[in-house]
Amino acid sequence: MAELPELDPVIHAQARLRVTVALAGLRPADQITFPRLQQLLEMTAGNLSTHLRKLEDAEYVEITKAYEHRTPVTLVRLTSKGRAAFEGYTKALHRLLDAGT
C-alpha cells in the first residue's frame, strides 16, 4: 500500500478551508473586502479574523488596509504561496480519497 499523503494543517481546518476555497475562486491579482468575505462565508468578524491571521502567518493570504473615500477598508487576497498550497492540498486530498478505493 502506498504511503498516504499529509494534508496541510493550516488549510485543513474547516473554516480556513472555506476561506481558502473562496479566495482561490478569485483571479490571482483580485482582492475581496473583509465584509464581503464575511458575508459569503457567513462567519462572525472575530472568527474570520482569527482564521485569516493563521493563513496570513503561513503567508497564504495577504491583508491590505486601505482607504476608499476616507473610509477604511480591509482587502484580502490569496498569495501565490497560498494558491500553490491549496493546489497541493487538493492533490493530496484526491490521492488520499483514491487510496481508499
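This is a predicted model: local features need pLDDT of at least 70, side-chain atom pairs count only at pLDDT 80 or more; totals for chains, interfaces and linings use all residues.

**A loop and the helices around it**

Tutor: Glu-42 is found in the loop between H3 and H4. Glu-42 has a positive phi of about 50°, although the residue is not a glycine. With a relative accessibility of 74%, Glu-42 counts as exposed, because exposed residues are those over 50%.

His-69 is located in the loop between strand E2, residues 61-68, and E3. The phi of His-69 is also a positive value, near 55°, in a residue other than glycine. His-69 is exposed as well, with a relative accessible area of 78%.

Helix H3 covers residues 34-41 and helix H4 covers residues 45-57; the two pack at an angle of about 105°, and their axes are 10 Å apart. H3 is therefore roughly perpendicular to H4, since angles of 65 to 115 degrees count as roughly perpendicular. On the side of H3, the contact is made by Phe-34, Leu-37, Gln-38 and Leu-41; on the side of H4, it is made by Ala-45, Leu-48, Ser-49 and Leu-52. Sorted by class, the residues of this contact are 6 nonpolar and 2 polar, with no charged residues.

Another residue of H3 is Arg-36. Arg-36 is partly exposed, with a relative accessible area of 40%. Along the chain, Arg-36 and Leu-75 are 39 residues apart, and their C-alpha atoms are separated by 9.6 Å.

When residues up to four places away in sequence are not counted, Leu-37 touches Val-19, Ala-22, Leu-23, Ile-32, Leu-48, Leu-52 and Val-76. As a general point, nonpolar side chains in soluble globular proteins tend to be buried together.

H2 and H5 also form a helix pair. Their axes come within 11 Å and cross at roughly 115°. This makes H2 roughly perpendicular to H5. From H2, the contact involves Leu-17, Thr-20, Val-21, Leu-23 and Ala-24, while H5 provides Arg-83, Phe-86 and Tyr-89. The residues of this contact divide into 6 nonpolar, 1 polar and 1 charged.

Thr-20 lies in helix H2 and is buried, with a relative accessible area of 2%. Leaving aside neighbours within four places in sequence, Thr-20 is in contact with Ile-11, Leu-55, Leu-78 and Phe-86.

Further along H5, which spans residues 80-99, lies Leu-96. Leu-96 is partly exposed, with a relative accessible area of 27%. Leu-96 and Leu-4 are 92 residues apart in sequence, yet their C-alpha atoms are 6.1 Å apart in space.

These details may finally be placed within the whole chain. The chain has 5 helices and 3 strands, which follow one another in the pattern α-α-β-α-α-β-β-α when read along the sequence. Taken along the principal axes, the C-alpha atoms fill a box of roughly 60 × 25 × 20 Å. Of the 101 residues of the chain, 34% count as buried. Among contacts in the chain with a separation of 6 or more, 55% are accounted for by residues 24 or more positions apart.

Key
Residues are numbered from 1 along each chain as its sequence is written. Side-chain values use heavy atoms; hydrogens and water are left out. Axes are lines fitted to C-alpha atoms, for helices over the stretch in contact, and angles run from 0 to 180 degrees between N-to-C directions. Helices (H or I, at least four residues) and strands (E, at least two) are DSSP runs, numbered from the N terminus. Angles under 35 degrees count as roughly parallel, over 145 as roughly antiparallel, 65 to 115 as roughly perpendicular and the rest as oblique. Contact means heavy atoms within 4.5 Å. Ala, Val, Leu, Ile, Met, Phe, Trp, Tyr, Cys and Pro count as nonpolar, Asp, Glu, Lys and Arg as charged, and the others, Gly among them, as polar. Buried means under 20% relative accessible area, exposed over 50%, partly exposed in between (1.4 Å probe, protein chains only).
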